[in-house]
Amino acid sequence: MTGLSTLLIVVGLFLAGGIYSFVKQDMPKGLIVLLSIGAAMCLVAGVVRLEVWN
């Protein structure tokens, strides 16, 4: 079960890096907010899966 948790955490961190890049490039705020929500959801889901299943 930790494989999916690891994948979710990695995707969340990847999206967080994308947020930083988009902010530096002055991308639309709506896109940045959408990426922020997606990153937070992936990171929380990954951590929760690690805590629940272990």
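User: How much accessible surface does the protein have, and what share of it belongs to carbon and sulfur atoms?

Analyst: The accessible surface comes from the Shrake-Rupley method with a 1.4 Å probe, and for residues only the protein chains shown count as cover. The model is predicted: local features need pLDDT of at least 70, side-chain atom pairs count only at pLDDT 80 or more, and totals for chains, interfaces and linings use all residues. Residues are numbered from 1 along each chain as its sequence is written, and side-chain values use heavy atoms, with hydrogens and water left out. The protein's accessible surface is about 3900 Å², and the carbon and sulfur share is 77%.

User: How many helices and how many strands are there in the protein?

Analyst: Both are DSSP runs, numbered from the N terminus: helices are H or I with at least four residues, strands are E with at least two. Helix 1 covers residues 2–24, and helix 2 covers 29–53. The count is two helices and zero strands.

User: What radius of gyration does the protein have, against that of a compact globule of 54 residues?

Analyst: The radius is taken over C-alpha atoms, and the globule rule is 2.2 Å times the number of residues to the power 0.38. Along the principal axes, the C-alpha atoms fill a box of roughly 40 × 15 × 10 Å. A compact globule of 54 residues would be near 10 Å, but the protein has 13 Å.

User: What percentage of the 54 residues is buried?

Analyst: Buried means under 20% relative accessible area, exposed means over 50%, and partly exposed lies in between (1.4 Å probe, protein chains only). Ser 5 counts as buried because its relative accessibility is 0%. Across the 54 residues, the buried part is 22%.

User: Which residues does Ala 39 touch, not counting residues up to four places away in sequence?

Analyst: Contact means heavy atoms within 4.5 Å. Ala 39 is itself one of the core residues. With the sequence neighbours set aside, Ala 39 touches Gly 12, Leu 15, Ala 16 and Ile 19.

User: Among contacts between residues at least 6 apart in sequence, what percentage joins residues at least 24 apart?

Analyst: Leu 8 of helix 1 gives a local view: beyond its neighbours within four places, Leu 8 contacts Cys 42, Leu 43, Ala 45, Gly 46 and Arg 49. Leu 8 and Val 47 are 39 residues apart in sequence but 8.5 Å apart, C-alpha to C-alpha. Over the protein, the figure asked for is 68%.

User: What distance separates the C-alpha atoms of Leu 43 and Ser 5?

Analyst: Leu 43 is in helix 2, and Ser 5 is in helix 1. Neighbours within four places aside, Leu 43 contacts Leu 8, Ile 9, Gly 12 and Leu 13, whereas Ser 5 touches Gly 46, Arg 49 and Leu 50. Leu 43 and Ser 5 are 38 residues apart along the chain, and their C-alpha atoms are separated by 8.7 Å.

User: Which residues form the nonpolar patch on the surface?

Analyst: Patch residues have over 30% relative accessible area and no salt bridge; like charges are joined within 9 Å, nonpolar side chains (Val, Leu, Ile, Met, Phe, Trp, Tyr) within 5 Å. A salt bridge is a side-chain nitrogen of Lys or Arg within 4 Å of a carboxyl oxygen of Asp or Glu. One member, Val 11, is partly exposed because its relative accessible area is 33%. With about 240 Å² of accessible area together, the members are Leu 4, Leu 7 and Val 11.

User: Which residue has a positive phi although it is not a glycine?

Analyst: Most residues other than glycine have a negative phi. The exception here lies in the loop between helix 1 and helix 2. Its phi is about 55°, and the residue is Asp 26.

User: Why does Asp 26 count as exposed?

Analyst: Asp 26 sits in the loop, between the two numbered helices. Asp 26 counts as exposed because its relative accessibility is 68%.

Note on methods: A nonpolar core is a set of buried Ala, Val, Leu, Ile, Met, Phe, Trp, Tyr and Cys residues joined through side-chain atoms within 4.5 Å.
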